[in-house]
Amino acid sequence: LGGAIFSAGGQVPTADTSLADQVDVAVTAYNNGLALVRDARKLNLPQGEVHLRFMDVAAQIRPETVSLRSLVEPGSIAILEQNYEYDLMSPAKLMEKYVGKNVKLFNFSTEVGFTEKEAQLLSNNEGPIYKVGEEIFLGHPGNVVLPQIPENLIAKPSLIWLMNNSQAAQNVEVTYLTNGVSWQADYVVTLAQDEKSLDIEGWVTMNNQSGATYTNAKLKLVAGEVNVVQEQNVEVLQAYMELDAVGYAGAGMPKQEAFAEYHLYTIPRRTTIKQNESKQLALLTAEGVKCDKKYEFRGQEHFYSGPQPPLTEQHVDVCLEFRNDEAN
């Protein structure tokens, strides 16, 4: 549990945790591109000081809003330092880290098979430049092999903590805000042929560009213009994390609840929200809603108070009006 644990003589042990340790995840999405993520994981940690690398967080995380707590024994984990590492591994980054160092160049020949040469990477600006012996190679037609992964390069965005832990077996919950998760309500209205009733279907359209996938997540939606304060006012920003304190509803359509000056919709079933995915979820459905058709002309005041009449053709609007209440 909790991935691998490493320790060297006299050094603080290091533990890794990934999505393999996740036991629950919940997402509360606001309609301004902001989302609250609650990520619960089961870990087995050394007691005392330990470095914990918490991987698979959103790439657009706002690190100043991160909160960590123990679900086993409150207060059993104390964070001493926190870092957010996002210098992700890529071919260009790997080459950049090896400028001035030795690498191996492999080239395949149909006559002799693979040939290998030791080289020094002199530069990687607009293409690699190698020094082999006393000769300078501008590029190389084969493969470049690096002896090891350089430090400070990671495969996934990660939170790194130096913490003091008093419980070996831990259930922890990490809470943070991230950009890149948005939602909106879309509606489809079908008018009956007699124009006296209509059917309504409501959909929640979600778009996830946060840099993470949320698998089998509890989902809540908050409607209302949430004020995003300046980043230096961390205490006020973290107060928005409490907006999802209302419990989850049972089966059926999402339940609407009032919370402070906002409306909160709880999706009754879990769902997976993939990275770079647009997803639609059923919000409401109503059939046979009584409606009235009206013709309205909404003229501008200057049409009647000025000396000039309207210079363009004006049209009458056809409006459908219905009452939004339980009886209808």
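This briefing covers the core, the salt bridges and the cysteines of a predicted model. Local features need pLDDT of at least 70, side-chain atom pairs count only at pLDDT 80 or more, and totals for chains, interfaces and linings use all residues. Residues are numbered from 1 along each chain as its sequence is written, and side-chain values use heavy atoms, leaving out hydrogens and water.

**Core**
- The largest nonpolar core has 39 residues. Such a core is a set of buried Ala, Val, Leu, Ile, Met, Phe, Trp, Tyr and Cys residues joined through side-chain atoms within 4.5 Å.
- Buried means under 20% relative accessible area, exposed over 50%, partly exposed in between (1.4 Å probe, protein chains only).
- Leu159, Trp161, Tyr176, Met206, Tyr214 and Leu221 touch the most other members.

**Salt bridges**
- The whole structure holds ten salt bridges. Each is a side-chain nitrogen of Lys or Arg within 4 Å of a carboxyl oxygen of Asp or Glu.
- Asp24 pairs with Arg270 at 2.9 Å, N to O. Asp24 is partly exposed at 23%, and Arg270 is partly exposed at 32%.
- Arg69 bridges to Glu173, with the closest N and O atoms 3.0 Å apart. Arg69 is partly exposed at 45%, whereas Glu173 is buried at 12%.
- Glu296 and Arg298 form another bridge, at 2.6 Å between the closest N and O atoms. Shared partners join Asp24, Lys218 and Arg270 into one network.

**Cysteines**
- The search finds zero disulfides, counted as pairs of cysteine sulfur atoms within 2.5 Å.
- Cys291 is buried at 6% relative accessible area. Cys319 is also buried, at 18%.
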